[in-house]
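This report walks through a few parts of one structure for a reader who is new to it.

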Amino acid sequence: MNVPDHISHQAQNLRHTIELHNYNYYALDTPTIPDAEYDKLFRELQELEQRYPQLVTPDSPTRRIGAAPLKAFSQIVHRTPMLSLGNAFETAEVDAFDRRVRQTLGVDNVEYMVEPKFDGLAVSLRYEEGVFTTGATRGDGYIGEDVTLNLRTVKSIPLHLHAGLGNESPPALLEVRGEVLMLKADFERLNRQQREKNEKEFINPRNAAAGALRQLDPGITATRRLTFFAYGIGADIDGNVPHDKQSRILDYLASLHFPVARERSVVKGVTALLDHHREIEGMRECLPYDIDGTVYKVNDLAQQVKLGFVSRAPRFAVAHKFPAQEAVTEVLGIDVQVGRTGTLTPVARLKPVFVGGVTVTNATLHNEDEIRRKDVMIGDSVIVRRAGDVIPEVVAVQREKRSMHVKSFVMPDHCPVCGARAVRLPGEAVTRCTGGLFCPAQRKQAILHYASRRAMNIDGLGDKLVEQLVDNAIIRTPADLYRLGLAALAALERMAKKSAGNIINAIEKSKHTTLARFIYSLGIRNVGETTAKDLARYFGNLDRLMTADTEVLQQVPDIGPVVAESIVDFFAERHNLEVIEQLRAGGVRWEEGSGTQLAEADSGVGLGQLRGKTFVLTGTLPNLSREDAKEKIEALGGKVTGSVSKRTDYVVAGSDPGSKYDKAVELRIAILDERGLLQLVQDSQIDGRSNSENP
């Protein structure tokens with residue numbers, strides 16, 4: 001059926017009018033028509049699109065809701081990484097930040113952009129030819145979850161971009177960075193509805209927003225009334241996007257009808273920074289949304305480029321957090337939790353109290369010495385503090401309020417979970433369960449850690465599934481995973497045959513790993529991801545590591561006596577060795593080498609061409625993930641950094657490499673593709689073997 005011209009124009013006008021009202025209501029907080037009139041316009045557009053399906057466009061307001069639920073989120077690689085910000089808590093740290101900036105730039109005074117730090121979830125929105133196409137969570141900074149359908153339900157996000165500052169057309173590509181959050185009023189409304197339905201209330205606006213954004217059913221997200229605020233641009237192509245000032249970027253985003261913080265300001269010097277911080281803190285309780293600090297960014301974008309990045313954070317910006325918030329409540333009891341490594345941690349059960357934006361019911365007491373030092377007793381009135389995402393803690397006891405009915409806490413001498421003996425070793429502050437892998441509390445966490453993304457990366461093996469597998473005595477150790485059958489998995493609650501098959505495939509895939517990942521997956525106390533890489537690089541072989549004594553272990557860079565003792569103790573446990581043997585028998589394998597230990601001892605040289613070389617990864621490689629490429633480089637003595645400089649030896653570039661590639665070309669640094677990297681790795685391995693075999 002052909003659509004009459006006047007109907008097409010009518011639909012177009014309705015779409016424009018509705019989106020204008022959405023902008024006035026959600027972005028400017030200045031509604032211009034009653035809700036009933038808005039609903040009438042919306043129904044009119046719906047009726048036209050139902051009568052003429054050809055009228056439906058991807059950016060129609062009616063497309064914000066009604067999409068079919070997803071089975072799972074796919075992943076999106078960020079064109080430009082979404083990096084974290086460094087934190088400053090004290091005035092001295094802000095002074096130090098400003099001093100470093102001035103010294104690096106060689107100037108006496110710096111202009112900064114100051115913005116509130118939203119307490120929400122960072123997302124990236126992609127627009128092509130002005131139309132919203134995809135949206136993703138921050139994820140690990142490089143890869144996020146595709147939450148496009150859910151973001152379409154957020155009415156403050158434009159589905160189609162308006163003309164910019166100079167009334168020019170939108171860029172061919174624009175990636176907008178910002179924060180999704182829930183306004184305080186909408187949070188109160190949501191919890192009121194939960195109470196009316198006798199359902200569980202949400203703890204705080206951030207948790208409610210996070211849960212809403214990650215709903216597989218966009219229809220549920222649409223009922224949660226989320227809000228978006230833009231704070232930057234990740235990438236742009238063929239547009240008149242400002243490239244001189246951070247403040248002009250925000251003005252430009254506002255001209256495109258993106259909500260931006262009104263409480264932003266451009267100031268000069270550290271004194272003005274701190275004044276503005278105190279001003280925003282003073283209005284914190286009156287703002288319609290939660291914030292947990294202010295963000296300072298060098299306003300000049302050319303200066304930002306000169307300052308660059310360190311690790312996963314920019315040198316040109318910092319988040320100045322507000323002081324920790326405190327409240328007084330009562331200790332109702334003290335429980336003991338058993339951690340993954342057997343640590344017994346006393347936790348105060350509190351009378352619920354609102355602190356730092358959340359309702360707190362538990363607070364850590366750290367260990368027995370801390371309880372004695374603070375003189376905490378059951379029944380005491382205590383001061384509880386929560387700073388940002390830090391676990392709430394008991395700061396002090398109000399002894400003047402202590403009654404005669406308080407009770408002392410005694411650390412148990414047996415594990416509250418498995419009943420095994422609990423001991424406190426000389427020189428340690430904590431008490432530990434001796435049950436090892438036999439303790440159910442440690443067993444579940446040990447298997448979860450083994451399967452985690454940074455360890456063996458068994459996709460789909462989450463908390464609830466591991467809980468079922470352990471509780472039903474299907475698995476007891478990580479080695480049992482490789483004996484799992486499809487029938488046993490499929491028979492579990494909420495586990496279909498297809499899902500079970502996917503997990504079996506993920507377990508099979510995990511058999512091919514690296515020595516560093518395997519060491520990390522064992523959950524050895526005090527051995528994190530970096531230490532595991534150091535051990536793999538130094539020994540190159542698991543058997544050499546397992547038989548090393550503390551003296552040999554302390555020859556590994558950054559490993560001291562405490563870590564060395566933890567490693568020796570772990571491999572001295574017979575049941576740990578049995579599990580490792582079972583894992584090997586189950587097919588888990590990795591590439592082993594001579595390691596730095598033998599290469600240096602036998603020949604006086606390192607690991608071939610990569611030892612001491614600095615690499616930068618940029619863009620998306622065809623087959624290797626960033627983590628895989630990083631592991632291959634670090635396993636052979638190389639170092640991976642986040643920014644290109646004169647000290648960089650190689651830049652490994654994939655598709656859409658961005659500014660790092662341009663910087664490498666400018667500095668005439670060697671650029672490798674994936675094939676070139678793999679060849680370099682292979683050559684380095686050959687060199688390493690030659691050096692160790694031919695002294």
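On a 1 Å grid over the protein atoms alone, a cavity is a set of points where a 1.4 Å probe fits but cannot get out, and its lining residues are those with an atom within 4 Å of a point. Grid points are joined across faces, edges and corners, and a volume is the space filled by probe spheres set on the points. By this rule the structure holds three cavities of 30 Å³ or more.

The model is a predicted one, in which local features need pLDDT of at least 70 and side-chain atom pairs count only at pLDDT 80 or more, while totals for chains, interfaces and linings use all residues. Residues are numbered from 1 along each chain as its sequence is written, and side-chain values use heavy atoms, with hydrogens and water left out.

**The second largest cavity**

The second largest cavity has a volume of about 50 Å³, and its lining is made up of Arg454, Ala516, Arg517, Tyr520, Glu529, Ala532, Lys533 and Glu631. The elements that give two or more residues to this lining are α16 (515-521) and α17 (529-539), where helices (H or I, at least four residues) and strands (E, at least two) are DSSP runs numbered from the N terminus. Sorted by class, the lining has three nonpolar, no polar and five charged residues; here Ala, Val, Leu, Ile, Met, Phe, Trp, Tyr, Cys and Pro count as nonpolar, Asp, Glu, Lys and Arg as charged, and the others, Gly among them, as polar.

Glu631 of this lining is also one of the buried residues of helix α23 (residues 626-635), together with Glu627, Ala629, Ile633 and Glu634. Buried means under 20% relative accessible area, exposed over 50%, and partly exposed in between (1.4 Å probe, protein chains only). After α23 comes glycine 637, whose phi is positive, near 95°.

**A five-stranded sheet**

An open sheet of five strands runs in the order β2-β13-β10-β3-β9, with mixed pairing. Its edge strands, each pairing on one side only, are β2 (86-88) and β9 (265-268), and the twist averages 35° from one strand to the next.

| Strands | Sense | Bridges | Residues standing opposite |
|---|---|---|---|
| β3 and β9 | antiparallel | four | valine 114 and serine 265 |

Strand β10 is largely enclosed by the rest of the structure, because eight of its eight residues are buried. Lysine 297 has its place in this strand, which spans residues 291-298, and it counts as buried because its relative accessibility is 12%. Leaving aside neighbours within four places in sequence, lysine 297 is in contact (heavy atoms within 4.5 Å) with Glu111, Tyr112, Met113, Glu115, Tyr231, Gln246, Gln304, Phe316 and Ala317.

**A buried loop residue**

Leucine 492 lies in the loop between α14 (486-490) and α15 (497-509), and it counts as buried because its relative accessibility is 9%. Its C-alpha atom is separated by 7.4 Å from that of glutamine 468, although the two residues are 24 residues apart along the chain. Not counting residues up to four places away in sequence, leucine 492 touches Leu465, Gln468, Leu469, Asn472 and Ile474.

Key:
On a 1 Å grid over the protein atoms alone, a cavity is a set of points where a 1.4 Å probe fits but cannot get out, and a pocket is an open set with protein on both sides within 12 Å along at least five of seven lines; lining residues have an atom within 4 Å of a point. Two strands pair if DSSP finds at least two bridges between them. Axes are lines fitted to C-alpha atoms, for helices over the stretch in contact, and angles run from 0 to 180 degrees between N-to-C directions.
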